[in-house]
Amino acid sequence: MVETASVLFTFSIATSLFSILAGIIGINKKDDKYLFFSRQSAILHFYILLACTIILIYLLVLPDMSVLYVNNQINHALPLFYKITAIWAGQAGSLLTWNFLLVLFSVIAIKDVERREPALVPYMIIILMSISFFFCALGNFSADSDPFRYLVSDGKPYTMPDGRGLNPLLQHWAMVIHPPTLYFGYVAFSIPYAIAMAALMVKKMNLNWTRLIRRWTLFAWFFLGVGMLLGGKWAYEELGWGGYWAWDPVENASLFPWLTGTAFLHSILVQEKRGMLKVWNMSLISISFLMCIFGTFLTRSGVVSSVHAFGGSNLGGFFVVFMLIIIFGSAYVILTRLYLLKSDNAFNSFLSREAGFLFNNVILLIALFTTVWGTMYPTLTEMFTGDRISLTGIWFNKWMAPIGLLVLFLTGAGPLLAWRKTAKTTLIRNFRLPFTFLLLTLTMYFIARYLMYKTLTLEALKPMAGISFALSAFVISGVLEEFYKATKTRINYTKENFLLGFMLVLFQNKRRYLGYMVHIGFAIIMIGFTGTAFTKEAKISLRKGEAEHFAGYTIEIANYEKTSYASSQKRQLPLYFTDKVTVNVYKDNKYWQSDVTEIRKYPMFNMQTGEYDDSQPTSEPAIMPSIIEDVYVQYGGQEEDGRLVLQVWVNPLVFWVWFGFIFFTISGIMLLLPIGEKRFIKIGSFTASVAPVAASTAKS
């Protein structure tokens, strides 16, 4: 099986390269025979990588301890579920997963585009197979990236009695879902990039290509967003540091294409509606794809330090060359087709929806530049000064908080502006209710803070937090008013009940109204993020049965357990050993909640000594959640006198981060599903024509 997979993996270079060359020859000679060979070779390439992926999963489940990748990721005690998901746990397996998803999406996209715009397909195949060729070359020519490499001693393969085991940090439900979700986002951005470049190459600039590109961009953007939030959930429950976002370099890497994807999804509306921002949109989709490759580079090159990274490797130079090819290749195609990208209209007013989208795009690109600069700053300082200077979360929060507030304001203001120009009376009417909620929320916030602290200092008032709450209210109230207006218009026409009218409004113009639902989800998440401004933290030391007061709670150690093993037990090892502390939390002198916090030690097989060691600890916090705030406790070891050290955080509003996450996810799924895209919407036996109502709503 290993040798078969190795041969197939090597052969994948040939199939991708043949597909590229046949496509180039077919385009130059205008010969359908070569184009047919190019397409069929791409399909064969997909089946080869599918076979390689299935075989690697089989080797992990078996497990075959003669394979280096399997040995590094698996041990016999590991549950089956984690054995399967170990395919993306290491560098070699993750690159194979990346490549397989690429060719899977490519086959699906090519089949779809072939029905709508067949002229784009040959160029798409060349672009997508070129990307796949790069990843095939990495896997075959870099020993660190070969998933089918044998363990070798004295030139001969050998088998270890056990494997090192999966990284303990990855043995969590969120990390099972988080990496493939991010891969879906990273990889899927290849498709809109290929469609956009193909449209330029074939000089087909009608609106059909934007419709083709939109769903794939939304798909990639949605999965990146879900992946980031899942990563935050994992960090909150697994790392034991009290938070869910630390501006870690690899966290930031997934944020890069999400920011540019958000900008593109808004500005493409301007191109479809007004025929503007064509060059901007081509640049945005190119930058989005580049940021996906850049993020993959950061994770695997060793240029940044991160708990998420795969460690140092020799892949950095290959990725740099590939990114330069993308930059110069994309720039060449765009610049040589500028005459095709002239705007059909000019901006009529700064008080217009298209201007609002453009301002939003500029702010998002400023956010991109800020996070890229902060992420790469340690590498740049080391390159030019020899000293590696890292920027902390304080620096990121200082700059990104006001940028985030600007984005939040534009999220609420954009839907309230009209296309071309917003009349003064319309502006006042649309902004009246949201602005009232903004002022009311801000006023109530500052009154509450003053009554709490009896002072007007910035430390007590925390004005940025108040502005964030107020802008969230601005966004949510504005969107709800838009829903109310649209539903009222519909039910006046159809005489439906309000709930049915509202549900049908959501689907009569999915991009608009379900997009607004995503805006609500974003505002809710921002409310949760704002809670970090009020986090309280303390370090306490207690014995079993003792308690201490902190931030309105009483923290008690109810029990302490410790499991260990002697050398004679090493052949019957469990998955992990633990130091476990049971924590009771009381509120207002009444029992509230309890949970367990642990330091787990995972036995890892040492291939040099042939022995197990327990040098892989992980933190497992006790989390007592509520709708207002979480009490978060992490056991930190024992002091010399036997007292147990607990690190305690009181984290306000974390519930709203996860609630907004669910809201965002449901809204995104409804946007992606092909529901409500027909002229008629059917609910049970009821059939309603939405076209005249949509027209009436638009007029209103």
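**Threonine 582 and its setting**

Guide: Leaving aside residues up to four places away in sequence, threonine 582 touches Glu556, Ile557, Ala558, Asn559, Asp595 and Val596. The model in view is a predicted one. Within it, threonine 582 belongs to strand β6, which covers residues 577–587.

Helix α1 (residues 2–29) packs with helix α6 (residues 121–141) at about 155°, and their axes are 8 Å apart. An angle over 145 degrees counts as roughly antiparallel, and α1 and α6 are therefore roughly antiparallel to each other. Their crossing is left-handed. By class, the contact of α1 with α6 has 15 nonpolar residues, eight polar ones and no charged ones. On the α1 side, the residues that meet α6 include Phe9, Ile13, Leu17, Ile20, Gly23 and Ile27. On the α6 side, those that meet α1 include Tyr123, Ile126, Met129, Phe133, Cys136 and Phe141.

A search of the whole structure finds three cavities of 30 Å³ or more, and the largest cavity has a volume of about 50 Å³. Thr85, Ala86, Trp88, Ala89, Leu166, Leu170, Met175, Val176 and Pro179 line the largest cavity. Helix α7 (residues 173–188) gives the largest share of this lining, three residues. The lining divides into eight nonpolar residues, one polar residue and no charged residues.

Two details of the backbone complete the view. Most residues other than glycine have a negative phi, and most peptide bonds are trans. Leucine 62 and proline 63, however, are joined by a cis peptide bond, with omega about -20°. Proline 63 is placed in the loop between α2 (32–61) and α3 (68–73). Lysine 454, a residue other than glycine, has a positive phi, near 55°. The loop that holds lysine 454 runs between α15 (424–453) and α16 (458–461).

Notes. Residues are numbered from 1 along each chain as its sequence is written. This is a predicted model: local features need pLDDT of at least 70, side-chain atom pairs count only at pLDDT 80 or more; totals for chains, interfaces and linings use all residues. Side-chain values use heavy atoms; hydrogens and water are left out. Axes are lines fitted to C-alpha atoms, for helices over the stretch in contact, and angles run from 0 to 180 degrees between N-to-C directions. Helices (H or I, at least four residues) and strands (E, at least two) are DSSP runs, numbered from the N terminus. Angles under 35 degrees count as roughly parallel, over 145 as roughly antiparallel, 65 to 115 as roughly perpendicular and the rest as oblique. A crossing is left-handed if the near helix is turned anticlockwise from the far one by less than a right angle, and right-handed if clockwise. Contact means heavy atoms within 4.5 Å. Ala, Val, Leu, Ile, Met, Phe, Trp, Tyr, Cys and Pro count as nonpolar, Asp, Glu, Lys and Arg as charged, and the others, Gly among them, as polar. On a 1 Å grid over the protein atoms alone, a cavity is a set of points where a 1.4 Å probe fits but cannot get out, and a pocket is an open set with protein on both sides within 12 Å along at least five of seven lines; lining residues have an atom within 4 Å of a point. Grid points are joined across faces, edges and corners, and a volume is the space filled by probe spheres set on the points.
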